Amino acid sequence: MGKRARRGSRRSLPAVLCRILGTLMLIVLVLFCLPLTLPRVWGWHIYTVVSGSMEPYIPTGSLLYIRQAQPEDMAEGDVIAYYGGTGSGAVITHRVVENRVVMGEFITKGDANQEADINPVRYADFIGQVAYSIPEAGKAAAFFTSAAGKRTAGYLVAAAVLLHLLAALFDRGKEGAG
C-alpha cells in the first residue's frame, strides 16, 4: 500500500509543465499590471509621455508617476504635471521656472524648449509633482490600457486557466492508468 500511495501522489510531467507554464503566464501578467495599478491605490497618477518637450530628462514613451503635492510647495526646477488647457484634458509635464504663490500660478518650461511657456499654469490645473520616470515603460502601459491590450490580458488569463485544467486532466488520466 505504501508504494501505491507514493506512486499515486506523483504528478505527470505534462501536468507539471502545464501548471508551471500557466502560473508563469499569470505571474508575468501581474508583474506588468502592478506598476500600472498599485500606485493609484496611494493616490498617485500615472501618465505616458507623448511629446519630446522634456527630453533628454524625460524621453518620449516614458511612464511617469505623479505624486500629489501642494502647489505652493513647488520650487524652481521641480518637474510638475498639469492640465494643459481649459477643458482639453491634455496633461503636460514641464519644469517650474517660477512659482508665483501670491498669484496662484507657475511659469513653466519644457527642457527641450528655448523659451518659457507663454501661458502661466494656474494652481487649479496643477496635478502633482513628477516623482519617477521609467523610460520606454509608457509604451507597454499604453498597450495594456488599450482595447487590444485588455483583450490580450484576458486571453493570457484564459490560457493560464486552460493550462491548469489540462494539468488536472493529465493527473486524472494518470490516476486512472495507475
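Which kind of contact do the side chains of E98 and R100 make? They meet in a salt bridge, with N and O 3.5 Å apart; the term stands for a side-chain nitrogen of Lys or Arg within 4 Å of a carboxyl oxygen of Asp or Glu. The model is predicted, so that local features need pLDDT of at least 70 and side-chain atom pairs count only at pLDDT 80 or more, while totals for chains, interfaces and linings use all residues. Residues are numbered from 1 along each chain as its sequence is written, and side-chain values use heavy atoms, with hydrogens and water left out.

**Salt bridges**

- Helices (H or I, at least four residues) and strands (E, at least two) are DSSP runs, numbered from the N terminus.
- R19 is partly exposed at 26% relative accessibility, whereas D171 is buried at 8%. Buried means under 20% relative accessible area, exposed over 50%, and partly exposed in between (1.4 Å probe, protein chains only).
- E136 and K139 also form a salt bridge through their side chains, at 2.7 Å from N to O; E136 is partly exposed, with a relative accessible area of 46%.
- Salt bridges that share partners join E98, R100 and E105 into one network. Within it, E98 is partly exposed at 37% relative accessible area, and R100 is partly exposed at 28%.

**Strand β3 and its partners**

- Strand β3 (residues 79–83) is largely enclosed by the rest of the structure, because four of its five residues are buried.
- Five bridges link β3 to strand β4 (residues 91–100), and the two run antiparallel; two strands pair if DSSP finds at least two bridges between them.
- In this pairing, V79 stands opposite R95 of β4.
- β3 is also joined to strand β7 (residues 126–134), by three bridges and again antiparallel, with I80 opposite Q129 of β7.

**The nonpolar core**

- Nine residues make up the largest nonpolar core: V49, M54, I58, L64, I66, V79, A81, I127 and V130. Such a core is a set of buried Ala, Val, Leu, Ile, Met, Phe, Trp, Tyr and Cys residues joined through side-chain atoms within 4.5 Å.
- The elements that contribute two or more residues to this core are β2 (63–67), β3 and β7.
- I66 contacts W44, H45, Y47, A81, I127, G128, Q129 and V130, leaving aside its neighbours within four places in sequence; contact means heavy atoms within 4.5 Å.

**N99**

- N99 lies in strand β4 and is buried, with a relative accessible area of 18%.
- Its side chain makes a polar contact of 2.5 Å with that of Y123. A polar contact is a pair of N or O atoms within 3.5 Å; within protein, one must be able to donate a hydrogen and the other to accept it, and residues adjacent in sequence count only if both atoms are side-chain atoms.
- Not counting residues up to four places away in sequence, N99 touches P71, E72, M74, E105, F106 and Y123.

**Cysteines**

- The structure holds zero disulfides, a disulfide being a pair of cysteine sulfur atoms within 2.5 Å.
- C18 is buried at 10% relative accessible area, whereas C33 is partly exposed at 26%.
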